[in-house]
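These are my notebook entries on one structure. I set down each look-up in turn.

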Amino acid sequence: ANSLLNLVENLLNWARTQTHKISINSESFDLNLIIDQNISLLKFNADKKNIQITNNIKKGTIIIADINLLTTVIRNLLANAIKFTEKNGYVEINMKEKTNCFEVYVSDTGIGISDEDLKKLFRIDIDTTSVGDSSEKGTGLGLILCKEFIEMNGGTIRAESEPEKGSSFIFTVKKGTV
């Protein structure tokens, strides 16, 4: 039911971006709090596979973005990390501070992605359907939505991965002030 709800939500959000029905409402907020909220939301899925999720973003890390769009991005990336990580694995959220932005890393110890499939990520014109560790299906739509939402907020997103060693999805967000 949760997977279906997530797919329907992604489809609706994607349709809204394609018809330009999403407006950006940038504001300053604490990135740590949004990540903690999403971890709580997905905790049941992680616990079923005994996956540990660690948020290493410091409290008080203020960013400027549309909170709803960024929440969708973080939820999609965390859900994917859980989906493609084997039992007893871990997911970790880290950050590097740059001059005008933060680079946020959502990393896992999952099944990883081949170089060939890495090139297909974030593209709507290529079928990227894949199967998670416990036969959960992925359509790739969530990643396409993540790319659009990050770019709508003035950031970038990319992935790094090695088969059987895990993946990292890295996106940038603007620094904010309190």
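Is Thr 85 buried or exposed? I worked from a predicted model throughout. I find Thr 85 at 0% relative accessibility, so the residue counts as buried, given that the cut-off for buried is under 20%. I located Thr 85 in the loop that runs between helix 3 (67-83) and strand 4 (90-97).

Next entry: the nonpolar core. I noted 40 residues in the largest one, where Leu 70, Leu 77, Leu 78, Ile 93 and Phe 171 touch the most other members. I listed the elements that give two or more residues to this core, among them helix 2 (31-48), strand 3 (62-66), strand 5 (101-108) and strand 9 (166-175). Helix 3 contributes the most, with 9 residues.

Next entry: helix 5. I recorded 12 residues and a reach of 16 Å from first C-alpha to last, close to the 16 Å expected at 1.5 Å a residue. I found buried residues in helix 5, including Leu 141, Ile 144, Phe 149 and Ile 150. After helix 5 comes Gly 154, and I noted its positive phi, near 80°.

Last entry: rings. I searched for aromatic pairs and the structure holds 0. I did find the charged end of Lys 175 over the ring of Phe 102, at 5.7 Å from the ring centre.

Definitions and conventions:
Residues are numbered from 1 along each chain as its sequence is written. This is a predicted model: local features need pLDDT of at least 70, side-chain atom pairs count only at pLDDT 80 or more; totals for chains, interfaces and linings use all residues. Side-chain values use heavy atoms; hydrogens and water are left out. Helices (H or I, at least four residues) and strands (E, at least two) are DSSP runs, numbered from the N terminus. Buried means under 20% relative accessible area, exposed over 50%, partly exposed in between (1.4 Å probe, protein chains only). Rings of Phe, Tyr and Trp (its six-membered ring) pair if their centres lie within 6.5 Å; planes under 30 degrees apart count as stacked, over 60 as edge-to-face and the rest as tilted. A charge sits over a ring if NZ of Lys or CZ of Arg is within 6 Å of the ring centre and within 35 degrees of the ring normal. A nonpolar core is a set of buried Ala, Val, Leu, Ile, Met, Phe, Trp, Tyr and Cys residues joined through side-chain atoms within 4.5 Å. The expected span of a helix is 1.5 Å times one less than its number of residues.
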